[in-house]
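Welcome to my notebook. I kept these entries while looking around a structure that was new to me, and you are welcome to follow along.

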Amino acid sequence: MEPSIQAGKWQDAEVQAYDPAIFTGEVERRSLPSPDGGAGGLGFSWVRFVDGARTNWHSHDGGQILHVLEGQGRVTTEGLGTLTLESGDVVRTPPGVRHWHGALPGHTMTHLAVSAGTTRFEEPPNRPAHPA
């Protein structure tokens with residue numbers, strides 16, 4: 001059987017259950033399977049972070065690329081500081097670099113994430129998701 005091209009829309013992808021081992025705050029995540037069935041270790045996710053929500057600290061064996069689709073956010077890399085993100089920004093995180101990303105407080109941010117290899121999630125960042 002010859003391989004076929006598949007097309008779809010993100011809004012048709014299944015919303016994944018909230019997981020506090022991955023996120024802090026209000027998050028909607030939809031993921032699609034890798035075109036090679038996972039053999040290449042690629043993950044594709046559409047993620048919307050609301051009002052300061054963010055990922056926990058994590059790293060990817062093969063690195064990660066984020067494309068910010070809308071809103072304002074940030075990415076913090078251990079030992080290297082924080083970058084503010086806005087619609088249209090593209091971020092490349094090298095393999096094994098510990099980081100987190102999400103929306104700025106009072107804003108939403110939606111990004112498309114392409115992750116390579118195993119992702120290792122750790123503890124939440126120390127800052128609260130919704131500062132007082």
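Here is what I looked up, entry by entry.

**Ground rules.** I am working with a predicted model, where local features need pLDDT of at least 70, side-chain atom pairs count only at pLDDT 80 or more, and totals for chains, interfaces and linings use all residues. Residues are numbered from 1 along each chain as its sequence is written, and side-chain values use heavy atoms, with hydrogens and water left out.

**Entry 1: Thr24.** I started with Thr24, which I found in strand 1 (residues 23-32). Strands here are DSSP runs (E, at least two residues), numbered from the N terminus. Is Thr24 buried or exposed? It is buried, with a relative accessible area of 18%; buried means under 20%, exposed over 50%, and partly exposed in between, using a 1.4 Å probe and protein chains only. The side chain of Thr24 makes a polar contact of 3.2 Å with that of Asn56. Such a contact is a pair of N or O atoms within 3.5 Å; within protein, one must be able to donate a hydrogen and the other to accept it, and residues adjacent in sequence count only if both atoms are side-chain atoms.

**Entry 2: strand pairing.** Next I followed the strands, which pair if DSSP finds at least two bridges between them. Strand 1 and strand 2 run antiparallel and are joined by nine bridges; in strand 2, Arg54 is the bridge partner of Thr24. Nine bridges also join strand 2 to strand 8 (residues 108-116), again antiparallel. Here Arg48 has Thr110 of strand 8 as its bridge partner.

**Entry 3: salt bridges.** How many salt bridges does a search of the whole structure find? It finds six, each a side-chain nitrogen of Lys or Arg within 4 Å of a carboxyl oxygen of Asp or Glu. In one of them, Arg30 meets Glu28 at 2.8 Å, N to O. Arg30 is buried at 13% relative accessible area, while Glu28 is partly exposed at 24%.

Glu70 and Arg48 form another, with their closest N and O atoms 2.7 Å apart. Glu70 lies in strand 4 (residues 64-77) and Arg48 in strand 2 (residues 42-55), so this pair ties together parts that are 22 residues apart in sequence.

I also noted Asp61 with Arg120, at 2.4 Å between the closest N and O atoms. Asp61 sits in the loop between strand 3 (58-60) and strand 4, and Arg120 in strand 9 (residues 119-121), so the pair links parts 59 residues apart in sequence. Both are partly exposed: Asp61 at 41% and Arg120 at 43%.

**Entry 4: Thr110.** I came back to Thr110, which counts as buried at 2% relative accessibility. Which side chains make polar contacts with the side chain of Thr110? I found Arg48 at 3.1 Å and Glu70 at 2.9 Å. Thr110 and His67 are 43 residues apart in sequence and 8.6 Å apart in space, C-alpha to C-alpha.

Notes
Helix = DSSP H or I, 4+ residues; strand = E, 2+ residues; numbered from the N terminus.
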